[in-house]
Amino acid sequence: MQSAKSFSPKLLRQCLQNGVPKGRTFQLECHQNPLAAFSADVRCFQSLQRSFFTAACRQTPVSVTERTGKSFYVDRIRVEVLAGNGGSGCVAFWKSAAKGKFQPPDGGNGGHGGNVVVQASAAVKSMGGLRQLHRAQNGGPGGNQKKVGRHGADKVIQVPLGTVIHKVAAAKPEDHHSKEGVPFTFQQHWIGARDYVSSEEESEDASSADEKDSEPHLDLQLLADLVQHEESVVVAQGGQGGRGNAHMRRLGQNRPAVSEREVGQAGERAVLILEMKSLADIGLVGLPNVGKSTLLCALSRAKPEVADYAFTTLRPQLGVVHYPDTSSLAVADIPGLIRGASQNKGLGHRFLRHVERSNALAFVLDLSGGVGPDKGPTALQQLHMLQEELELYRAGLTDKPALLIANKADKVSEAATAAKHLEEMTGLPTVLVSGQTRKGIEQLKLLMRQVSPTDVSM
Ligand SMILES: Nc1nc2c(ncn2[C@@H]2O[C@H](COP(=O)(O)OP(=O)(O)OP(=O)(O)O)[C@@H](O)[C@H]2O)c(=O)[nH]1
Ligand SMILES: [Mg+2]
């Protein structure tokens, strides 16, 4: 799971002076200039220095985030695609036994370069494993006896269902300038200002809700929205093969221009932003501290941070729930929502958008709420609040298939009765669990599968 923290300037200075602390990884990413885009995992001092040097040479600001955890989940990625070049035509002549006779040209055409294709697959759940550069095969050269060159193989990039593909238009000169219009210099802006923001500032920043807002200076052109399994789109067209001399005859000429041929056309090149719209099969939605991350740990091999304070989870975390018949479901632990989330309070809109992207919702309710000394809202009140915020954010959001997870059953004496009451009151399928003691997790897995509209067998 990706767990990236804001990187403090102080820590960065320490790293540059004393080296990167052992076992810590930082990710450097260039957001500003698509043509100079790069992303690097930095584990040692030398590579940190090298990456900054690269950024300085390209006069481009970089962002620095710390990456913790073993694997990471990516729902937005920038890739460069390069289609194959066409093969060149061939210059060759027909071999005749009769010497001195005109030997007609018989050089064949070059093969076409391969296309780069983006294809949606239900088997792919994250874009974490995608490379940054995808190159299709070049076409082969034509041969004698009018043999056409080999066509280059297409490069197929497999992405999760619901991936939206944007093409970045060529960088404008302003991309090299800071926001104020002052020409950018490494000393002034060597780290993107965005990376210093605390989580609070970050949530305010999220008010400019749309995805494009994070890169407003980019001119993005929507290419496709892949929602069906195996739906695909060609994002870069391979170059045409060049004509061989057998095909270069000119009109009105008896004899062909024997030694003429064409070189193959260059394949298209593009920078794309791939963005996953459908984050997960099931999204865990709940107030802060109700045990969403604990449940994700119990359901999958994901290791999100769990702690006894609100807003432990600051970014959506994804886990894959495996079933004995090898099917699976992607479950997202979405950061806690509070009253006013629809007005961008707490972590705000940013994560309500991830709720929007889940195919089904699992409302995680703290059954111990409303009882005991630290009296919070009851489970029913929690549900109403969550539903209200979702509807305020986008009408119809609660129409998605849903289930209720009555969590922290171990803390309540009459837990089963309370869960039954909840089910009767709401009409939603309810399962009683305790994320901590792992009671009811198997029933939860089964219910998730019943409720999920996604075909999990793929
Ligand atoms: N007794 C009990 N405690 C639980 C249970 N599930 C979670 N907790 C505790 O509740 C606290 C919060 O758990 P988290 O999993 O971090 O909660 P969260 O909903 O992910 O919180 P945020 O990320 O802040 O929204 C932790 O101290 C957990 O140990 C449970 O079933 N029973
Ligand atoms: Mg959490």
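A polar contact is a pair of N or O atoms within 3.5 Å; within protein, one atom must be able to donate a hydrogen and the other to accept it, and residues adjacent in sequence count only if both atoms are side-chain atoms. The model shown is predicted, so local features need pLDDT of at least 70 and side-chain atom pairs count only at pLDDT 80 or more, while totals for chains, interfaces and linings use all residues. Residues are numbered from 1 along each chain as its sequence is written, chains are lettered from A and ligands numbered from 1 in the order in which they are written, and side-chain values use heavy atoms, with hydrogens and water left out.

**View 1. Polar contacts of ligand 1.** A polar side-chain atom of asparagine 407 lies 3.5 Å from an oxygen atom of ligand 1, and a polar side-chain atom of lysine 408 is 3.2 Å from an oxygen atom of the ligand. From glycine 291 it is a polar backbone atom that lies 3.0 Å from a ligand oxygen. Taken alone, ligand 1 exposes 650 Å², of which the protein buries 92% (areas by the Shrake-Rupley method with a 1.4 Å probe).

**View 2. The shell around ligand 1.** Of the 23 residues around the ligand, Ser293, Thr294, Phe311, Thr312 and Asp410 come nearest, where a residue is near if one of its heavy atoms lies within 4 Å. Helix H5 (residues 292–299) gives the most to this shell, with three residues; helices (H or I, at least four residues) and strands (E, at least two) are DSSP runs, numbered from the N terminus.

**View 3. The salt bridge of lysine 408 and aspartate 366.** In a salt bridge, a side-chain nitrogen of Lys or Arg is within 4 Å of a carboxyl oxygen of Asp or Glu, and the closest N and O atoms of lysine 408 and aspartate 366 are 3.7 Å apart. Because lysine 408 lies in the loop between strand E17 (402–407) and helix H8 (415–426), and aspartate 366 in strand E16 (residues 358–366), the pair ties together parts that are 42 residues apart in sequence. Both lysine 408 and aspartate 366 are buried (under 20% relative accessible area; exposed is over 50%, and partly exposed in between, with a 1.4 Å probe and protein chains only).

**View 4. The salt bridge of arginine 449 and aspartate 325.** The side chains of arginine 449 and aspartate 325 meet in a salt bridge of 2.7 Å, N to O. Arginine 449 counts as partly exposed because its relative accessibility is 29%, and aspartate 325, at 42%, also counts as partly exposed.
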